[in-house]
Amino acid sequence: MLIAATLAILVVMIMAIMRVFIGPTLYDRVLAVNMFGTKTVLLISLLGFVMGRPEFLDIAIVYSLINFISVIGVLRYSDHFIFKQSGQSKK
Amino acid sequence: MKDLLAVAMLLSIYGLLSASFFVAMDAVDVAFTEASVGAGISTLLMLVAISMTGRAEHPSRHKPLLALAVVIVTGSLLIYGTLDMPYFGSAEAPIHQHIAPRYINDSMQEIGVPNIVTSVLASYRAFDTFGEVVVIFTAGMGVLALLSVVRRSPVDIAKIVLFNDAMHERHLILRIVTKIMIPFILLFAFYVQFHGDFGPGGGFQAGVIFASAIFVYTMLFGMNTARRVINQSFIQVLAAIGVLLYGCVGVVSLFNGKKFFDYSALAIDPVAGQHLGILFIELGVGLTVASVMVIIFFNFAGRNETPRNSDKQDL
Amino acid sequence: MFIGLYNYWVVIVLMMVGFYIVIAHGNLIKKIVGLSIFQTSVFIFYISMAKVDGGSAPILADEINQYSNPLPQVLILTAIVVGIATTALALALAVRIKEAYGSIEEDEIQKQDNLD
Amino acid sequence: MDAFIHISSSLFLLIGSFLCLSGGIGILRFPDFYTRMHAVGVTETLATAMILIGLILYNPDFLVDVKLVIILLMTLFISPTAGHALANAAMLNDKMQKDDNKQNSEVKSSTS
């Protein structure tokens, strides 16, 4: 069962990567990266159980934090671009 | 891809993927570091830099054929070179014969720390790690020297204030959730710092996580607020204190009649001395890494959005 | 016969991708991205060397006899953090070049240099 | 009792994997950004929660359970927030682009 869940998550990760490549807008890409990050958290927790040493869940915690931080960062700096663009077009 | 922001996204995914690969390869400490560094901080720095240098890459006018030829020749030579290498995962490979068995078998008696990576990092190869910490410190100083110069082109102050106001109104939910999360991130950083002897973790990782909490704060509440919370010159002193703390541990053991970084001199019981030494060294590493990362980020972000006046006041 | 060597080949492919980006693209940010891909391929090389079949993570616990090699992991752990510090330095240089020349494209910078 | 816990944990894992997959298909097949956002936002939180609950049931060790609960809480906090921020930013972007287009067309009409 664990291995089946791991495989499912791997498939979903591949789908997310495809969306990052296709993604017409920046936000599609951010969404896919965010999803990819969440799936990585799950993958790591599952891998810990599959390999029989589940005490390394700290890594998964770090992942969920870092995922959040990078999404905020992307939004923050993409706002910057929107702002710049609108400023330029108004000039 | 021409859009550099998309490149940064893909780099972040690459970091996440390589970190999960490290977990699969049993390198939990490395995965820890790569998770916080490769996926988080390097993406952020890349984004800040792109926001300053412009988003679009010019259409290429180069001839890729020559480069491709060079790459293919080098690659095939390297592949030819691997044909003699030991197979993947074989326990008889030369790399596993010489010093690793000593670390695996004896480190529990000699150092008394279950995490072998920590004991090798902080005790057996402490001098090496000292060098790395000095390199990080120097890189931080380099960024400081390059970016703390006041820039000549005037910045439109009104525009920036407007922008910051817009940010604050829009991200109310984000700000509140972040306010709740930040103490936990900091707490988790301390856990990683002091739990490094027993599980994955240690000074490097803790420093990076600590710094990333400050990054979030800076991104959401603006540079000026963050400057008020965290004094820049204090952070610079802190970075130096970290390196000095590391060096001092070595000097103390030198004065006590042992070798440089031989921590058994620190206490009567050699194993307790090792514990104490590793604790101090990890603390030094954590301080340096966290403050250097904060210095780097403040200089990047500060160049982006602070008006000139406040820059002058800071000087 | 050589199928057991695939880890090195993956590393070499990644390394060459990074190398190609560094030499073929004119944009400095792209070059830095290429360098970081190159760097990560070296990390993967070391870590895959450290793996032992049936081994476990090198944190001592009961009931486990076979551990992977801790030494390459230590080297890479420090190398990652040093790598981000040097990447930050490179990005800082790129930002300064942008301010001084108004561009981060290699050929444009060279054109301006030749004019002087 | 043991068998019951085992079966229920398998069931949770199965539901979680199914939700994951549906979210993945959603992000790939839906036509525009907001529908994709819907697919991911709805499935992601629930799938994560399901898989983590499955793991908690599967695992007897107390400390590991605590860590799993921490991850679960973290996800429940973070992923809706990130989704909200993302939707907000995308909406603002759309609005701004529309404004720009309007302005541009106005400028054009006034010049012509």
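A salt bridge is a side-chain nitrogen of Lys or Arg within 4 Å of a carboxyl oxygen of Asp or Glu. The legends below refer to a predicted model.

**View 1. Salt bridge between B:D128 and B:R125 in chain B.** The side chains of B:D128 and B:R125 meet at 2.8 Å, N to O, which lies inside the 4 Å limit and is therefore counted as a salt bridge. B:D128 has a relative accessibility of 30% and counts as partly exposed. B:R125, at a relative accessible area of 26%, is partly exposed too. Over all chains, the structure holds six salt bridges. Side chains of opposite charge can pair when their charged atoms come close.

**View 2. Salt bridge between D:E44 and A:K39.** The N to O distance between the two side chains is 3.7 Å.

**View 3. Salt bridge between A:D58 and D:K67.** The closest N and O atoms of A:D58 and D:K67 are 3.2 Å apart. Because A:D58 lies in helix 3 of chain A and D:K67 in helix 3 of chain D (residues 62–111), the pair joins two chains. A:D58 has a relative accessible area of 2% and is buried. D:K67 has a relative accessibility of 9% and counts as buried, because the class covers values under 20%.

**View 4. Interface of chain A and chain B.** On one side 37 residues of chain A are in contact with 52 residues of chain B. The area buried between the two chains is about 4300 Å², and carbon and sulfur atoms give 80% of that area. Zero salt bridges are found across this interface. One residue pair is in polar contact across the interface of chain A and chain B, with both residues at pLDDT 80 or more. On the side of chain A that touches chain B, the elements giving two or more residues are helix 1 (2–22), helix 2 (26–50) and helix 3 (58–90) of chain A. Helix 3 of chain A gives the largest share of that side, 21 residues. Sorted by class, the side of chain A that touches chain B has 25 nonpolar, six polar and six charged residues.

**View 5. Aromatic pair of C:F45 and C:Y46.** The count of aromatic pairs over all chains comes to 11. In the pair formed by C:F45 and C:Y46, the ring centres are 6.1 Å apart and the angle between the planes is 80°. The pair counts as edge-to-face, because that class takes planes over 60 degrees apart. C:F45 is partly exposed at a relative accessible area of 24%, and C:Y46 is partly exposed at 34%.

**View 6. Aromatic cluster of A:Y27, D:F33 and D:Y34.** These three residues, A:Y27 from chain A and D:F33 and D:Y34 from chain D, form one aromatic cluster.

**View 7. Backbone at B:D26.** Which residue other than glycine has a positive phi here? B:D26 does, with phi near 70°. Most residues other than glycine have a negative phi. B:D26 lies in the loop between helix 1 (4–24) and helix 2 (28–53) of chain B. With a relative accessible area of 3%, B:D26 is buried.

Conventions:
Residues are numbered from 1 along each chain as its sequence is written. Chains are lettered from A and ligands numbered from 1 in the order in which they are written. Side-chain values use heavy atoms; hydrogens and water are left out. Rings of Phe, Tyr and Trp (its six-membered ring) pair if their centres lie within 6.5 Å; planes under 30 degrees apart count as stacked, over 60 as edge-to-face and the rest as tilted. Buried means under 20% relative accessible area, exposed over 50%, partly exposed in between (1.4 Å probe, protein chains only). Contact means heavy atoms within 4.5 Å. Buried area is the accessible area (1.4 Å probe) that two parts lose on being put together, summed over both. A polar contact is a pair of N or O atoms within 3.5 Å; within protein, one must be able to donate a hydrogen and the other to accept it, and residues adjacent in sequence count only if both atoms are side-chain atoms. Helices (H or I, at least four residues) and strands (E, at least two) are DSSP runs, numbered from the N terminus. Ala, Val, Leu, Ile, Met, Phe, Trp, Tyr, Cys and Pro count as nonpolar, Asp, Glu, Lys and Arg as charged, and the others, Gly among them, as polar.
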